[in-house]
Amino acid sequence: MDVSCAEIKSISTIKDSVTLIRVDHSFQSFFSHPRHSHPPLDLLYIQSGLREIGFDACLIDMWVSRQSIGQVLQTVLSTHPKFAIIKAYTWCIHVSLELGRLLRKKDVITIAVGQHVNHASVLWEENATFKNNWLQAFDFSIHGAPELECPRLIKKLFFKQPGKNSSAIIYQQFSTNHIVSLSQPEHLSYPQFTDKMMKAYAFPFPVASLRGIKKWAYVQTSWGCPYGCLHCSGAVRKSFGKTHYKRNPTQVIDEIIFHIQKGAQAICFEDDALFADKRHIQALCDAMMQQHINIPWMAHARPDELDETTLKKATHCGLKLLKIGVESGAKKQIEIIGKARSGKKWIEQVRHIFPILHHLNIASIAMFMIGTPGETSEDIKRSILLAREILPDYVQVQIFTPYPDTPYYQHLPQVDRKEINRMPSYHYHRCQWSAARMSKKNVSRYQIHFYRLFYLRTNYMLQFLKKNKDLFKQRSFLTDAFKSFINKRVKEIWRTR
Ligand code: SF4
């Protein structure tokens with residue numbers, strides 16, 4: 001996706017440009033159904049930071065543009081950039097390495113940011129071939145939060161500012177595993193969402209209270225997450241580190257107003273831990289109410305962070321949807337993955353909070369995880385039963401994945417790490433390595449089974465129809481659903497040929 005290049009060009013004062021790229025698997029999306037594409041918010045903050053110092057900066061997001069690596073290369077080179085900032089995840093690290101290598105051959109300075117840098121920092125000393133490939137692809141790597149660090153680095157390189165050699169600083173941090181944190185979020189410039197972007201990153205699933213909303217903007221109010229889940233990877237979160245840095249609510253409100261003025265109809269808060277600090281979320285809600293901002297919004301939360309008072313307050317200023325990490329219905333699995341000390345209390349809290357959400361008319365997506373260490377089929381059945389009992393609007397079932405930047409991977413014996421590193425690809429949507437007490441095939445089967453047992457039952461369908469009565473009158477919904485079904489069938493037939 002091209003992002004407001006014209007708008008940015010009109011104010012840029014430096015001739016050399018910067019291209020920001022979020023890499024994806026070209027032409028082989030893991031998903032055959034609609035996917036909630038979150039924007040690469042860190043790249044958008046970097047883009048605004050660069051724009052402030054006068055650079056022309058454009059974004060290519062392969063998540064939504066679905067271009068091949070050759071097409072991306074052509075688009076990038078057509079703007080003759082001096083720098084390319086490449087963000088990627090473990091599952092497409094080879095694409096990122098290839099793109100970086102090709103760009104460097106054309107004298108573009110490449111900077112790696114995002115979760116694949118965390119991945120690299122683990123494999124850096126372990127695997128000489130990987131290290132060599134990495135060095136061929138990237139001039140610099142920012143390990144941790146790139147939002148402020150990246151514009152600073154480019155400024156240093158471009159204006160050849162005196163001081164220590166930047167490369168040495170970054171690599172030193174990389175090899176000592178020092179992670180850059182975003183401790184001064186008040187210095188961030190607001191990201192720019194064009195009309196096209198607000199539509200491309202819209203929440204795609206039907207939710208009655210969000211009906212008709214087509215344009216979404218994304219905001220982050222805090223960085224870092226204070227919890228210590230064993231499966232936590234940069235692949236599934238939006239910020240780095242454990243220290244929770246918060247922005248001043250007044251500044252957040254200002255940014256929301258900025259987006260509303262640009263046409264946003266809803267806001268998605270991208271914090272990893274928006275509800276972790278009650279004072280923060282309550283101050284934010286108070287500030288929204290004082291400014292009479294009542295735009296619909298959604299956010300992520302853990303069940304143990306939620307209480308009725310906070311939720312009531314949040315609904316008064318627009319909360320419509322929560323994505324909640326329930327993870328498992330088996331107490332021991334909650335404790336094993338380090339989600340909570342007491343699995344019993346965690347599940348009691350899940351049972352306590354969902355009726356409150358229903359009562360307050362807050363839609364929910366319950367996120368579950370299967371294939372967790374030592375998990376049995378009985379444990380998965382407990383999760384399915386819990387999902388059916390709490391009746392969220394949607395469930396999402398991810399597969400436990402040992403990304404190299406997870407605490408879980410880092411505690412594994414060498415022999416397991418080696419096996420994981422030989423995997424052809426990995427993604428939380430597909431099982432490539434089983435930590436559970438069952439085969440990879442069975443973990444994948446249980447994922448499908450989970451979805452079927454949750455969605456294909458009368459109780460759920462009745463609830464869905466009741467909440468979404470008007471939806472079936474919309475022709476576009478029916479045609480989209482039909483197209484998606486046909487698409488999926490064609491892909492399945494093609495795969496089994
Ligand atoms: S709550 Fe989420 S972001 Fe925080 S440590 Fe756990 S998995 Fe990571």
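Colleague: What makes strand 1 (residues 17–22) and strand 3 (residues 81–87) a pair?

Modeller: Two strands pair if DSSP finds at least two bridges between them, and strand 1 and strand 3 pair in the parallel sense over six bridges, so they count as paired. One of the contacts sets arginine 22 against its bridge partner in strand 3, lysine 87. This is a predicted model, in which local features need pLDDT of at least 70 and side-chain atom pairs count only at pLDDT 80 or more, while totals for chains, interfaces and linings use all residues. Residues are numbered from 1 along each chain as its sequence is written.

Colleague: Why are strand 2 (56–61) and strand 5 (140–141) called edge strands?

Modeller: Five strands form an open, parallel sheet in the order 2-1-3-4-5, and strand 2 and strand 5 each pair on one side only. Strands here are DSSP runs (E, at least two residues), numbered from the N terminus.

Colleague: What makes the crossover from strand 9 to strand 10 right-handed?

Modeller: Strand 9 and strand 10 (residues 297–301) run parallel and are joined by two bridges. The chain passes from strand 9 through helix 12 (residues 278–290) to strand 10, and this β-α-β crossover is right-handed, which means that, with the strands pointing away from the viewer, the path from the first strand over the helix to the second runs clockwise. A helix is likewise a DSSP run (H or I, at least four residues).
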